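Welcome! Here is a short tour of a single protein model, written for someone who likes to know the cut-offs behind each term.

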Amino acid sequence: MFNKQTFIALFSLLAFFQISSASAGSDTYKKADSAKTLETAQAFLWAAGSGDMKKLDALMTDDFVWHNEGDSSIPWIGNWEGKNIVFDSFLPHFGAGLKVTSWSTDYSFANGDQAVFMGTMSAIANESGKDTGKFSWAVRVQVEDGKVKNWNWFEDSYAVSKAFHGEN
């Protein structure tokens with residue numbers, strides 16, 4: 001009986017350590033993958049913010065999707081599917097509609113193929129001349145094979161909408 005209990009305890013302990021080490025191995029892989037994801041997403045964020053269209057293009061998958069949440073009456077809000085649509089339609093609408101006046105990236109982290117950035121910004125709506133005031137933003141980025149596949153942007157869409165429509 002004692003030997004059986006010892007065997008069961010030893011077997012359970014061995015199984016626990018094997019599961020733990022396998023888990024630690026996958027965490028290490030996930031962390032390495034997460035680090036690459038964050039690096040790619042940061043490069044994309046920098047390219048977008050600095051207007052480096054060549055770098056932005058190199059970092060996008062061909063089936064890239066840029067999605068902005070918010071008031072659908074604003075020309076740059078919605079789903080923009082495909083690299084060409086982003087360059088030929090979304091970016092010109094956004095550039096013509098909003099001038100960013102302040103920007104900060106305060107937090108960033110990644111898990112596997114997903115990265116998240118959060119910060120604050122302010123902007124002027126070009127047509128109305130109204131200021132959005134300072135507001136929070138966040139973006140969730142999916143990276144696949146070293147390129148950005150999805151960019152899901154969240155902002156204070158109420159502040160942006162009010163400025164766009166010339167409201168105080």
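The report below goes through the sheet, the core, a helix and a pocket.

## Ground rules

This is a predicted model, in which local features need pLDDT of at least 70 and side-chain atom pairs count only at pLDDT 80 or more, while totals for chains, interfaces and linings use all residues. Residues are numbered from 1 along each chain as its sequence is written, and side-chain values use heavy atoms, with hydrogens and water left out.

## The sheet

Let's begin with an open sheet of six strands, ordered β2-β1-β6-β5-β4-β3 with mixed pairing. At its edges lie β2 (78-81) and β3 (98-111), each pairing on one side only. Direction ignored, neighbouring strands are turned by 15° against each other on average. Strands (E, at least two residues) and helices (H or I, at least four) are DSSP runs, numbered from the N terminus, and two strands pair if DSSP finds at least two bridges between them.

β1 and β2 run antiparallel and are joined by four bridges; H67 stands opposite N79 in β2. Helix α3 packs on the sheet, touching β1, β2, β3 and β4, and its direction makes about 35° with that of β1. Here contact means heavy atoms within 4.5 Å. Axes are lines fitted to C-alpha atoms, for helices over the stretch in contact, with angles from 0 to 180 degrees between N-to-C directions.

## The core

Buried means under 20% relative accessible area with a 1.4 Å probe, protein chains only.

Leaving out residues up to four places away in sequence, F117 touches, among others, L38, L45, Y107, W137 and V141.

## Helix α4

The buried residues of α4 are A159, V160, S161, A163 and F164, and their cover includes β4, β5 and β6. Just after this helix, G166 takes a positive phi of about 75°.

## The pocket

The largest pocket holds about 430 Å³ of space. Its lining has 21 residues, with A48, G49, W66, F94 and W103 nearest the centre. The largest share, five residues, comes from α1.

A pocket is an open set of points on a 1 Å grid over the protein atoms alone, where a 1.4 Å probe fits, with protein on both sides within 12 Å along at least five of seven lines; lining residues have an atom within 4 Å of a point. Volume is the space filled by probe spheres set on the points, which are joined across faces, edges and corners.

Note on methods
Buried means under 20% relative accessible area, exposed over 50%, partly exposed in between (1.4 Å probe, protein chains only).
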